[in-house]
Amino acid sequence: MKNWKSLPFIILSAFSIFLLGSCNSTDRSYPENKLSTKEGNIKLILGSETPANLLTRSTTEDLAQKRYVAAGTRAYVIGDTSGGFPPMGWHIQGEMGGVWTHPIKLLDGYWFALNGEWVPPANRFTSGMGYVQMDFPAIEGFHLTRTEFAPDGFPVVLIGLSLSNPSSEVRSVELTMHVHSDIIASYPWGWSRPQNTEQFNEDDEGSYDADNRRLVFMEPGKSWYALVGTSESNTGGGTGSKYWGPLTRPAQRAQSQHGEGMGGQLTLEVDVPATGTRTVWFAVAGSHSSMEEAEAALDASLTDPVGMLRAKIDDRLSMLEMSQVDLPDDTLQTAFDWSRLNLADLSFTVTDLQIRDTDEGNAYPLTPVEVPILKGIAAGLPDYYEFFGNDGAYTVYALVASGLWDTAMDHLRTIRDASRVINGDTGKVVHEVMSDGSVYFGSTNHPGNTNETAQFAIAVELVWRWSGSDVFRDEMYDFVLDGLRYITTDLDTNKDGCPEGFGMIERRGMADQKLDVSMYTWQALISLQHMASSKGDHETAAWAMNAANTLHQNLENWWMPGENLYADSIENCSEPIGQTQQLHWINATPLEVALAPPDPAAAVLDVLESDGFTGDTGLYHTAEGGGPDAKGETKVWTLPNSVMAVAEANYGRLDETQALYYMRAIAEGLDLEMPGALPEILPSPSYDPFVDMQERAMFMQAWSSYGIQWPIMHHFLGVKPNIPDASLYVVPHMPSSWTSLSVENLRVGDGAISVVVERDEHIYKTMISAPAGWTLIIGHTLPMDVEVEAVTLDDAEVAYEIVDTLRGCEIQVVTTTDTPHTLVVTAKP
């Protein structure tokens, strides 16, 4: 340890700086995935135009215990996979399911009956590409499938009920739909002051519009509307308190915890052709702005629902054409593909917002700042359908790897704009912005979320480096600079170089300076230095570099040799006193940002891999015996697993008990509830994922994709663009058990690249095709004990450099991207 401070400080590469030694780990097992992957019945809707390459995942097990979503950018429906709508969620207790067009909820749910007999629970659920389907037991002699989706850009959810008639004769059936409105705002929540959910929202009013064959619900005194309609002409309907479908009185009361909605009914006669199928479409549309917006969405969706479904699927297929990886690990391959679909499902837009500081739910200012539109990525469902600073920053890694820069840029603009309203020219980043514009936490009056200002800067630089957009850099530059100056001056009261305030962990007994805050601040200052240098702002670049160097030099003072860990908090980082160790997962952050030297990094990783810190599904939030009460917190969030996977990969530890372990732990959770959805928390000693739905974590979480996509793209494939400098670095490093991997159509700059990596005994091959005009560093990372016999580029011997890095021995060749290249490294037997 005594010599590491004198080692060279190199800023650009997360792989460079040090040479990493060997490590030992223990074997662990994984829970089995029992989910089936049968295709759904989408051909009932699309017929001969059904694409051949659709991804679907289906389950038949414990359907009433699992939640799902069918989401668009303006609306979604959440229920359980048996087709029901039980109370769920805790931001507004029991109210987070049903149909939403944020920032308002429209319906608690809907239910169907044939000839007066209620449709029973589904016996199969299928997740598709932008849609879901439920298959039901035969009823009244019909086979029944329910298809749901929300077309992007419209505040509407579409429900298609497909009735298949096995009879050789045409059959008529009376089809009934019950709905129950529950028009409430996404904020205030159940515990908010001065008004909570029940006090803020009025009981709904409802009527049946016979001329337009639709149910109309509204919130008295507000321009909040919910419409339910069908394209069928022979429709009747009505409203009243009796329309609750098959729900019992206790179930009805459970759905009415925060006020009374209104019931509604639509009835129609349907003729189903002999040995054929008839699909009847229903739409639920809403608006918090005007009746006209709700009507326009309802009418547009019912004009051509099949066309809208086809367009939705086509959009998902187009998205998956980017970043097409081919992995030798089926679990990771599947999780990689579905995590991108999760990102699409969580992308959202809200209009006509009012930004106000609610001071952690204790205030509701009546003079907000009005904003016409905000876009970005929601943190999770059902409770975290909001814009978050830290969640967004972690998710940007996956958005970049998926080629979804527009979503990343939109999200960062949203966080910047809300932060400017709340925190002015300080540049401090707010923590969370609700879908109505309310900011719950993150003002300058709050002592927490210091890390989010730093992580915002990191995310901006990452998007800029991959996209090459100087326009985006310049748009964000002043805000990034203001924020980093704020946290390194105003929030560094003892002037030791380490900002104060809570970071990702908020637990009593911690010292003022948190490990993750300092690590992300270091990385943020490096990011600012890159952007400042590129703009010719040499004064800022020098300041950022000096501040980063101070944090780097002080890292040694966090080290606790008796623990083989860095302190997770400290009183003054300029000296090794006042260290506090509560054994939280943030111990991995010096390794996540690749700042820790190799020897302490290896020691930390060995400790974090040990049984007290890591369980069957990954890294605990707080190790056994840790925390302020020494009881630990043995829940496994996907985020610490992601951080751990990146940390392991930064130091060349890719194998079965290292990076792959934490990546697979996330991937194994893919079908925990909704097939194809990565959750927030995995099954673990302190977390049962199937407790009451009003007490659970998120069943789909955006940041879970970080630990799948980023190690594959950044570490295994070794892709590091620096498009503002017209340069590209591709130096792969595969797990020892893998012999190949590749990516096609990876979005970089204004074009796309393809990379193929292969290994055959002593032959290491890297192939790349990229747009012309860039400097290219192409290479391969070899095990430390391997000696090079020959290196060729495009079948010709070539000069090369051997570079010792954190992750191993890199063979690097400098060329250009003007033509495709094949690099072959032959090692001595």
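Modeller: Happy to, and let's begin with helix H10, residues 470–489. At 1.5 Å a residue, its 20 residues should span 28 Å, and its end C-alpha atoms are 28 Å apart, so the two values agree. Do keep in mind that this is a predicted model.

Colleague: Where in H10 is the kink centred?

Modeller: The kink is centred on tyrosine 477 and amounts to about 45°. That angle is taken between axes fitted to the seven residues ending there and the seven starting there.

Colleague: Which residues of H10 are buried, and what covers them?

Modeller: Among the buried ones are Phe472, Arg473, Met476, Tyr477 and Phe479. The cover includes helix H8 (405–423), H9, helix H11 (515–535) and helix H12 (538–554).

Colleague: Why do you describe H9 as largely enclosed by the rest of the structure?

Modeller: Because 18 of the 18 residues of H9 are buried. Its length agrees with expectation too: the 18 residues, 450–467, should span 26 Å, and the end C-alpha atoms are 27 Å apart. H9 is followed by glycine 468, whose phi is positive, near 75°.

Colleague: What makes glutamine 333 count as buried?

Modeller: The cut-off for buried is under 20% relative accessible area. Glutamine 333 has 14% relative accessibility, so it counts as buried. This residue is found in helix H6 (residues 330–346).

Colleague: What does glutamine 333 contact, apart from its neighbours within four places in sequence?

Modeller: Glutamine 333 is in contact with Val325, Asp326 and Leu327. A polar atom of its side chain lies 2.7 Å from the backbone nitrogen of leucine 327.

Colleague: How do you know which strands are the edges of the open sheet?

Modeller: The seven strands run in the order E18-E37-E38-E39-E45-E41-E42, with antiparallel pairing. Strand E18 (324–326) and strand E42 (796–797) are the edge strands, as each pairs on one side only.

Colleague: What makes E38 and E39 a pair?

Modeller: Pairing needs at least two bridges, and seven bridges join E38 (residues 751–760) to E39 (residues 763–769). In one of them, aspartate 760 has isoleucine 763 in E39 as its partner.

Colleague: And which residues have the most contacts inside the largest nonpolar core?

Modeller: Those are Tyr110 and Trp466, in a core of 265 residues. Beyond its neighbours within four places in sequence, tyrosine 110 touches residues including Val77, Phe85, Ile159 and Met177.

Notes: Residues numbered from 1 in each chain as written. Predicted model: local features only at pLDDT ≥ 70, side-chain atom pairs only at ≥ 80, totals over all residues. Heavy atoms only, no water. Helix = DSSP H or I, 4+ residues; strand = E, 2+ residues; numbered from the N terminus. Core = buried A, V, L, I, M, F, W, Y, C linked by side-chain atoms within 4.5 Å. Buried < 20%, exposed > 50% of the residue type's maximum accessible area, 1.4 Å probe, protein only. Contact = heavy atoms within 4.5 Å. Polar contact = N/O pair within 3.5 Å; in protein donor to acceptor, adjacent residues only side chain to side chain. Expected span 1.5 Å × (residues − 1).
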